[in-house]
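Subject: Structure handover

Hi,

Here is the structure we talked about. Please have it open while you read the notes below.

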Amino acid sequence: MAVYTEVPEDALFAFVAQYEIGDVLAFKGIAEGVENTNYYLHTAQGDFILTLYEKRVREDELPFFLNLMEHLARRGLNCPQPLRTRDGEKLGRLCGRAAAIFTFLDGLAIRRPNASHCGALGAALAQMHEAGSDFGMQRTNALSLTGWPPLFAAAEDRAEQVAPGLTRRIREELAYLELNWPRGLPEGVIHADLFPDNAFFIGEEVSGIIDFYFACTDYFAYDLAICLNAWCFEADHSFNVTKAKAMLAGYESVRRLEEAEAEALPILCRGSALRFMLTRLVDWLNVPPGALVRPKDPLEYDRKLGFHRRVETARDYGLMR
């Protein structure tokens with residue numbers, strides 16, 4: 001989450017007045033993340049989140065995300081629910097942008113997850129995959145294999161400013177993944193961005209999952225690879241196999257990976273690391289002036305790629321078969 005659009009008080013009050021949630025008593029911008037503008041709202045009826053859609057989120061795709069959250073909630077997954085206005089609309093416009101108000105989830109995002117958190121997250125991810133199995137809409141993953149070369153093209157001429165040799169490493173990785181990317185793995189709705197700041201915990205139990213704006217139709221194991229990258233590396237860039245083993249065991253306690261998925265895990269981890277390195281690289285080089293946002297370091301994922309290139313099998317991630 002971030003604040004790209006400053007919302008005047010009178011405009012915010014007028015927007016909220018369309019909903020039956022009482023008068024606004026307090027509000028403030030939320031300055032984490034990189035995608036949309038978000039405000040915390042406290043009204044006479046409780047706490048809510050106001051989101052204005054920016055940047056990579058296309059307005060014509062918003063029904064997919066909002067309907068998905070409603071569907072997953074009906075299947076028992078705790079995630080934000082879009083409120084409806086008195087006219088029954090889930091989407092409106094505020095400051096020239098599509099906007100919506102969501103329910104507020106209890107819990108805390110864990111900055112330094114332990115193995116128990118990782119195990120619970122793995123189980124919650126598999127539950128989400130199962131819950132979305134009968135969702136009737138699809139969305140192509142624009143940030144998978146075919147989407148990486150255009151991202152690289154957008155940053156290629158300045159990549160060496162970030163790190164010497166980065167251009168060559170990206171080019172070689174793209175060529176390798178194009179040649180070796182797996183085909184025909186089990187797929188369905190995935191979250192595609194389930195970082196620690198997108199999962200809430202109460203104690204060591206997952207209390208909710210948020211930020212579905214990269215959700216799409218893709219390989220389930222690719223979603224798991226994203227989580228291994230996001231949750232199982234330490235601050236010194238070392239891979240914590242204990243956390244990874246717990247995450248994989250949690251996932252398989254709900255949904256067992258097929259053998260082809262297990263075999264593909266190393267290359268899926270490489271692909272997901274490249275995906276986030278590229279989007280971070282583009283963001284790093286193109287922070288909008290005045291935005292209350294901290295761009296994330298693309299070299300973190302360059303280092304993770306270095307680890308995955310040395311991996312031989314899924315056993316190196318703690319998957320014991």
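Start with helix H10, residues 299–310. Its 12 residues reach 17 Å from first C-alpha to last, close to the 16 Å expected at 1.5 Å a residue. Helices here are DSSP runs of H or I with at least four residues, strands are runs of E with at least two, and both are numbered from the N terminus. The expected span is 1.5 Å times one less than the number of residues.

Before going further: this is a predicted model, where local features need pLDDT of at least 70, side-chain atom pairs count only at pLDDT 80 or more, and totals for chains, interfaces and linings use all residues. Residues are numbered from 1 along each chain as its sequence is written, and side-chain values use heavy atoms, with hydrogens and water left out.

Back to H10. Its buried residues are Leu 299, Tyr 301, Asp 302, Lys 304, Leu 305, Gly 306, Phe 307 and His 308. Buried means under 20% relative accessible area, exposed over 50%, and partly exposed in between, with a 1.4 Å probe and protein chains only. These residues pack against helix H5 (159–162), helix H6 (166–180), helix H7 (220–231) and helix H9 (259–285). Contact means heavy atoms within 4.5 Å.

Next, the sheet. It is open, has five strands in the order S1-S2-S3-S5-S4, and pairs antiparallel. Strand S1 (24–29) and strand S4 (92–94) are the edges, each pairing on one side only. Neighbouring strands are turned by 35 degrees against each other on average, direction ignored. Helix H1 (residues 9–16) packs on this sheet. H1 touches S1, strand S2 (37–43), S3, S4 and S5, and its direction makes about 120 degrees with that of S1. Axes are lines fitted to C-alpha atoms, for helices over the stretch in contact, and angles run from 0 to 180 degrees between N-to-C directions.

Now the pairing around S3. Two strands pair if DSSP finds at least two bridges between them. S2 and S3 run antiparallel, joined by seven bridges. They form a hairpin with two residues between them. Thr 37 stands opposite Leu 52 in S3. On to strand S5 (residues 97–103): five bridges join it to strand S3 (residues 46–52), again antiparallel. Thr 51 has Ala 100 as its bridge partner in S5, and Leu 50 has Ile 101. Six of the seven residues of S3 are buried, so this strand is largely enclosed by the rest of the structure.

Then the cores. A nonpolar core is a set of buried Ala, Val, Leu, Ile, Met, Phe, Trp, Tyr and Cys residues joined through side-chain atoms within 4.5 Å. The largest has 93 residues, and those with the most contacts inside it are Trp 148, Phe 212 and Trp 231. H9 gives the largest share of this core, 14 residues. A second, separate core of 16 residues includes Tyr 39, Leu 94, Ala 99 and Ile 101.

Trp 231 touches, among others, Pro 113, Cys 118, Leu 194, Phe 195 and Met 247, leaving aside residues up to four places away in sequence. Ile 226 lies in helix H7 and counts as buried at 1% relative accessibility. Ile 226 and Asp 193 are 33 residues apart in sequence and 7.2 Å apart in space, C-alpha to C-alpha.

Last, the aromatics. Rings of Phe, Tyr and Trp (its six-membered ring) pair if their centres lie within 6.5 Å; planes under 30 degrees apart count as stacked, over 60 as edge-to-face and the rest as tilted. The count comes to 19 aromatic pairs by this rule. Phe 65 and Tyr 213 have ring centres 5.5 Å apart and planes at 80 degrees, so they are edge-to-face. Phe 65 is in helix H2 (residues 62–74) and Tyr 213 in the loop between strand S8 (205–209) and strand S9 (216–219), so the pair ties together parts 148 residues apart in sequence. Phe 195 and Tyr 301 form a tilted pair, 6.3 Å centre to centre with 45 degrees between the planes. Both Phe 195 and Tyr 301 are buried. Ring pairs also link Tyr 53, Phe 64, Phe 65, Phe 135 and Tyr 213 into a cluster.

Best wishes
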